[in-house]
Amino acid sequence: MKNENTVMQEKVLKAPSGMGVLILTILLWFVGLGGVIAGGIMMDAGIILGIPLFVIGLIWVCIGWIPFLGLRILKPQEALVLTLFGKYIGTLKGEGFYYVNPFCVSVNPAARTTLRQSGDVTPEVKNAVSISSSGAVTVTPADKKISLKVMTLNNQKQKINDCLGNPVEIGIAVIWRVTDTAKAAFNVDNYKEFLSLQCDAALRNIVRLYPYDVAQNVDTTGDGEPDEGSLRGSSEIVADRIRAEIQERIVDAGLEVIEARITYLAYAPEIAAVMLQRQQASAIVDARKMIVDGAVGMVQMALAKLSEDGVIDLDEERKAAMVSNLLVVLCGNKDAQPVVNSGSLY
């Protein structure tokens, strides 16, 4: 039994130049018009040959416009997927002026689809609707050509829970292009919407494997060992995994993902303030730790220097008092106020 779900493969169609066909068709149409005129004159003169000449010329004048339907113009990096009576016959590629079967129909299921991507900002890709002063609505048909250019898809920001359950907002930009026009036109219903949905799904699958920031006992690589991977610190690795995930999903759609980049990353608004306080507290703790470590080192160096140079001989009680005073001065938030002791230390 024949498999009805056979994956389509692109066939490049080699079409003749349209300039010769255009000139020949125009000449034949004028010849047909001349035949109508000549046949009418001959019939008025009673010449029987004028009847078939008039009929043939009239038929050609009526149907002589049909070959013009087969003329196609392609710009650089454009393609036309052509079908004849429902059957795929090939893809026309390469800039130029071509002639194909006039009964061929161009197919582009995403011609009227507009997404937040570079290829949709030009009026060639979508229907142009204009309303005149009299209220008449004019709709310009969508262009059926498939662009082979490199395009950028900037999907909407999504709210996703990371591996720790914290909601984060993240957005990505995907750079992609069509590599197989037959697959893009026939294997999926709408290759632009298909790509957008697969980007969202792949983004969710990858983001949930990472914490927003570095966390302990979290395995982001799947090797069973904790690592320091995070959305904020490992953006290049995360973007590469997202690109690979998307490419795996869209291979049957004839699309290629060249690059994926994270364009927006932040905690969700409902926890952003709390997480900011947490980051501030962590920064304060780290700063205090550094200050204390430095103060202890300076006190040790001061005591060792005093003992080495024999400046003063301090007992344990005086050392404790000196250490306390130095730590207060070095670790305090405000500048110390000097106090002059005019009496004895005791």
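This is a predicted model: local features need pLDDT of at least 70, side-chain atom pairs count only at pLDDT 80 or more; totals for chains, interfaces and linings use all residues.
Me: Why does T113 count as buried?
Reply: Its relative accessibility is 9%, and buried means under 20% relative accessible area, with exposed over 50% and partly exposed in between (1.4 Å probe, protein chains only); T113 therefore counts as buried. Across the chain, 32% of the 346 residues count as buried.

Me: What makes the pair T113 and N190 a polar contact?
Reply: The side chains of T113 and N190 are joined at 2.5 Å, and the term asks for a pair of N or O atoms within 3.5 Å, one able to donate a hydrogen and the other to accept it within protein, with residues adjacent in sequence counting only through side-chain atoms on both sides.

Me: Why is F85 called exposed, and what is said of Q77?
Reply: F85, in the loop between β3 and β4 (87-93), has 74% relative accessibility and so counts as exposed. Q77, in the loop between β2 (71-74) and β3 (78-84), has a relative accessible area of 46%, and is therefore partly exposed.

Me: What makes the phi of Q77 worth a remark?
Reply: Most residues other than glycine have a negative phi. Q77, however, has a positive phi near 60 degrees, and F85, also not a glycine, has a positive phi of about 55 degrees.

Me: Why is α4 called oblique to α5?
Reply: The axes of α4 (residues 191-207) and α5 (residues 235-250), lines fitted to C-alpha atoms over the stretch in contact with angles from 0 to 180 degrees between N-to-C directions, come within 9 Å and cross at roughly 135 degrees. That makes α4 oblique to α5, since angles under 35 degrees count as roughly parallel, over 145 as roughly antiparallel, 65 to 115 as roughly perpendicular and the rest as oblique.

Me: Which residues in α4 and α5 meet?
Reply: Among them are F194, L195 and Q198 in α4 and V238, R241 and I242 in α5, contact meaning heavy atoms within 4.5 Å.

Methods. Residues are numbered from 1 along each chain as its sequence is written. Side-chain values use heavy atoms; hydrogens and water are left out. Helices (H or I, at least four residues) and strands (E, at least two) are DSSP runs, numbered from the N terminus.
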